[in-house]
Amino acid sequence: MYQSTIAGIGYYVPKNVYTNNDLTRFMDTSDEWIQERTGIKERRYADRLEETTTGMGVEAAKIAIERANTTAQDIDFIIFATLSPDYYFPGCAVLLQREMGMKEIGALDVRNQCSGFIYALSIADQFIKTGMYKNILVVGAEKQSFAIDYATRSRNVSVIFGDGAGAVVMQPTTEPGKGILSTHLHSDGAEAEKLALYYPGASAGKWLDKKPTLPEQELGGLFMTKEMLEDGSIFPHMDGQAVFKKAVVKFPEVIHEALSANNLLTTDIDLLVPHQANLRISQFIQKNLGLRDDQVFNNIEKYGNTTAASIPIALSEAWEQGKVKKGDLICLAAFGAGFTWGAALIRW
Ligand code: UT7
């Protein structure tokens with residue numbers, strides 16, 4: 001069996017910066033509230049017409065591929081994690097295959113929101129371990145700005161999210177002890193509706209208190225109704241406090257699980273790169289695990305919460321800043337909608 005390693009990493013963020021003060025033009029919020037509750041100062045929004053989730057993924061992928069000393073032609077599998085795909089279907093992985101002129105390789109989309117990148121990394125790890133693929137491109141990218149409700153009714157959701165993309169190229173290594181040591185994936189659907197975008201969808205409100213109304217004789221038509229557009233149920237819904245409470249339990253739990261699976265301790269971690277959900281969540285995890293400031297990497301103040309892109313963007317920035325060095329023990333961890341969560345331990 002091979003081990004898989006991250007051979008190249010890169011990220012891309014759009015150039016449009018929206019500060020907290022900029023958001024006060026659209027909704028009743030303040031820089032003080034956003035910074036105090038989330039640590040976010042600004043976020044990037046993609047160009048409304050020209051930039052796509054796939055396009056941002058392509059930009060990040062080009063850098064990762066170059067840094068892995070390989071070419072788009074040599075990539076043998078694509079895994080693309082996103083909750084904001086260009087189309088309802090087909091997924092972004094196949095659109096990236098087209099945009100990058102890759103061979104007719106397999107292309108898979110992962111729909112696991114904030115933990116999407118960890119899930120994608122874990123899938124890539126399994127394919128490399130078995131020897132099935134040798135050069136897998138894993139992308140996490142989001143264009144959330146196009147689907148956010150900028151009205152005050154959704155201010156708890158809209159102020160935290162941003163756009164961007166990160167990518168890694170995974171390759172096999174036979175160097176002992178190097179690469180992905182283990183990945184740990186979890187889910188609990190009991191509170192699926194606490195953080196969700198209900199429509200367009202096929203549930204017809206099955207699990208929701210408020211069901212869409214339609215004349216009985218109409219078949220179909222529940223995918224998206226005028227009523228859904230008007231009442232805002234086509235926008236993401238989040239019970240922030242419920243998510244926060246679960247996140248601060250599950251993050252430390254899965255990190256401990258990963259460490260104990262490898263007979264390691266929190267003191268062995270050189271850098272924890274948590275999903276950038278909220279700076280307060282990251283600080284809570286750091287305190288809970290007893291980690292020093294230099295053991296945790298955060299960049300949420302600049303980019304907000306970029307969901308599936310947040311870990312590869314943060315890992316890439318940390319690497320560029322020299323904070324990820326050969327031999328370091330890197331821990332990635334995420335929690336989000338589903339709820340789904342996970343962790344990965346990497347010996348760089
Ligand atoms: O990555 C995906 C997973 N998501 C997360 O991890 C998010 C986890 N949750 C959170 O980060 C926090 O719950 C939020 C930052 C989203 C919200 O913070 P909170 O302290 O839980 O606020 P809240 O939603 O309970 O609202 C508290 C108050 C309310 O006002 P009243 O009813 O007390 O008068 C809200 O209307 O704050 C108000 N509020 C705002 N005020 C100004 C909510 N959002 C805003 C806002 N600006 N943007």
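Q: In which helix is Thr54 found?
A: Thr54 is found in helix H3. Helices here are DSSP runs of H or I with at least four residues, strands are runs of E with at least two, and both are numbered from the N terminus. This is a predicted model, in which local features need pLDDT of at least 70, side-chain atom pairs count only at pLDDT 80 or more, and totals for chains, interfaces and linings use all residues. Residues are numbered from 1 along each chain as its sequence is written, and side-chain values use heavy atoms, with hydrogens and water left out.

Q: Why does Thr54 count as buried?
A: Buried means under 20% relative accessible area, exposed means over 50%, and partly exposed is in between (1.4 Å probe, protein chains only). Thr54 has 0% relative accessibility, so Thr54 counts as buried.

Q: What is Thr54 in contact with, leaving aside its neighbours within four places in sequence?
A: Contact means heavy atoms within 4.5 Å. By that test, and with those neighbours set aside, Thr54 is in contact with Phe80, Asp86, Cys92, Leu95, Leu96 and Glu99.

Q: What makes H3 oblique to H4?
A: The axes of H3 (residues 53-67) and H4 (residues 92-99) cross at roughly 60° and come within 9 Å. That angle makes H3 oblique to H4. Under 35 degrees would count as roughly parallel, over 145 as roughly antiparallel, and 65 to 115 as roughly perpendicular; the rest is oblique. The axes are lines fitted to C-alpha atoms, for helices over the stretch in contact, and the angles run from 0 to 180 degrees between N-to-C directions.

Q: What is the handedness of the crossing where H3 passes H4?
A: The crossing is right-handed. A crossing is right-handed if the near helix is turned clockwise from the far one by less than a right angle, and left-handed if anticlockwise.

Q: Which residues of H3 and H4 meet?
A: From H3 come Thr53, Thr54, Gly55, Gly57, Val58 and Ala61, and from H4 come Cys92, Leu95, Leu96 and Glu99. By class, this contact of H3 with H4 has 5 nonpolar, 4 polar and 1 charged residues. Ala, Val, Leu, Ile, Met, Phe, Trp, Tyr, Cys and Pro count as nonpolar; Asp, Glu, Lys and Arg count as charged; the others, Gly among them, count as polar.

Q: How many disulfides does the structure hold?
A: It holds 0 disulfides. A disulfide is a pair of cysteine sulfur atoms within 2.5 Å. For Cys92, the nearest cysteine sulfur, that of Cys114, is 16 Å away, and Cys92 is in no disulfide.

Q: Why does Cys92 count as buried?
A: Cys92 has 0% relative accessibility, so Cys92 counts as buried. Cys114 is buried too, with a relative accessible area of 9%.

Q: What covers the buried residues of H4?
A: The cover includes H3, strand S4 (77-81), strand S5 (106-110) and strand S6 (136-142). The buried residues of H4 are Cys92, Ala93, Leu95, Leu96 and Gln97.

Q: What makes H8 oblique to H9?
A: The axes of H8 (residues 240-261) and H9 (residues 279-289) cross at roughly 45° and come within 10 Å. That makes H8 oblique to H9. The crossing of H8 and H9 is right-handed. The residues of their contact divide into 10 nonpolar, 2 polar and 1 charged.

Q: Why is H11 called largely enclosed by the rest of the structure?
A: In H11 (residues 310-320), 9 of the 11 residues are buried, so H11 is largely enclosed by the rest of the structure. Among the buried residues of H11 are Ser310, Ile311 and Glu317.

Q: Is Thr307 buried or exposed?
A: Thr307 is buried, with a relative accessible area of 1%. Thr307 lies in the loop between helix H10 (300-303) and H11. Its phi is near 45°, a positive value in a residue other than glycine. Most residues other than glycine have a negative phi.

Q: Is Asn263 buried or exposed?
A: Asn263 is exposed, with a relative accessible area of 74%. Asn263 sits in the loop between H8 and strand S11 (271-274). The phi of Asn263 is near 55°, which is positive.

Q: Why does Gly189 count as partly exposed?
A: Gly189 has 49% relative accessibility, so Gly189 counts as partly exposed. Not counting residues up to four places away in sequence, Gly189 touches Gly338 and Phe339. The peptide bond from Gly338 to Phe339 is cis, with omega near -10°.
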